[in-house]
Amino acid sequence: MSFSDIAIAIKVADYEKMQKAIMELDEERKKSVTRLMQGASVESSIAHQGYIILQWKWVKWKANYPEVKFLRSFLESIKKYDYIRIGIEYDDVEYEFNTGENIISIERKISCS
């Protein structure tokens, strides 16, 4: 099983389109996508230039999962999004920055208390 931290930035209008697309799925897919979406923290503010930030911590994320397939397919259809996935291994990182807005980013740091 693969656990990851995920962040996705999409325009508010695209987020609304995604919600409509979820409602049009067959019942089984709708249930799995809805369950995933309910686990996301959602942030929207003027500071994000009209974007919604979806974020998941320590979520099961595999390319063949129906809910992941749906999200990836939806992102490809809208073109303007940012996506980051950080897996368990140090070099297990995927990212796509398509907004040109620097809304989400990857940061690694060491801190001592």
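Modeller: Happy to! Keep in mind that this is a predicted model. The count of aromatic pairs comes to four. One of them joins Phe 3 and Trp 58, whose rings are stacked, with 5.0 Å from centre to centre and 10 degrees between the planes. Phe 3 belongs to strand E1 (residues 3-11) and Trp 58 to strand E3 (residues 51-60), so this pair ties together parts that are 55 residues apart in sequence. Trp 58 has a relative accessibility of 52%, and because the cut-off for exposed is over 50%, Trp 58 counts as exposed.

Another ring to look at is that of Tyr 83. Arg 72 lies over the face of Tyr 83, at 4.1 Å from the ring centre.

Now for the nonpolar packing. The largest nonpolar core has 24 residues, and Met 18, Met 37 and Trp 56 touch the most other members. At least two residues of this core come from each of E1, helix H1 (12-23), helix H2 (27-38), E3, H3 and E4. H3 gives the most, with six residues.

Leaving aside neighbours within four places in sequence, Met 18 is in contact with Ile 10, Met 37, Leu 54, Phe 70, Leu 71 and Phe 74. There is also a second, separate core of seven residues, among them Ala 7, Tyr 51, Ile 103 and Ile 104.

Phe 74 sits in helix H3 (residues 66-78). With a relative accessibility of 10%, under the 20% cut-off, Phe 74 counts as buried. Phe 74 and Met 18 are 56 residues apart along the chain, yet their C-alpha atoms are separated by 7.2 Å. Not counting residues up to four places away in sequence, Phe 74 touches Asp 14 and Lys 17 as well as Met 18.

At 7% relative accessibility, Arg 85 counts as buried. The side chain of Arg 85 makes a polar contact with the side chain of Ser 4, at 3.0 Å. Besides Ser 4, Arg 85 touches Asp 5, Ile 6, Trp 61, Asp 92, Val 93 and Glu 94, again not counting residues up to four places away in sequence.

Conventions:
Residues numbered from 1 in each chain as written. Predicted model: local features only at pLDDT ≥ 70, side-chain atom pairs only at ≥ 80, totals over all residues. Heavy atoms only, no water. Helix = DSSP H or I, 4+ residues; strand = E, 2+ residues; numbered from the N terminus. Buried < 20%, exposed > 50% of the residue type's maximum accessible area, 1.4 Å probe, protein only. Contact = heavy atoms within 4.5 Å. Polar contact = N/O pair within 3.5 Å; in protein donor to acceptor, adjacent residues only side chain to side chain. Phe/Tyr/Trp six-rings, centres within 6.5 Å; stacked < 30°, edge-to-face > 60°. Lys NZ or Arg CZ within 6 Å of the ring centre and 35° of its normal. Core = buried A, V, L, I, M, F, W, Y, C linked by side-chain atoms within 4.5 Å.
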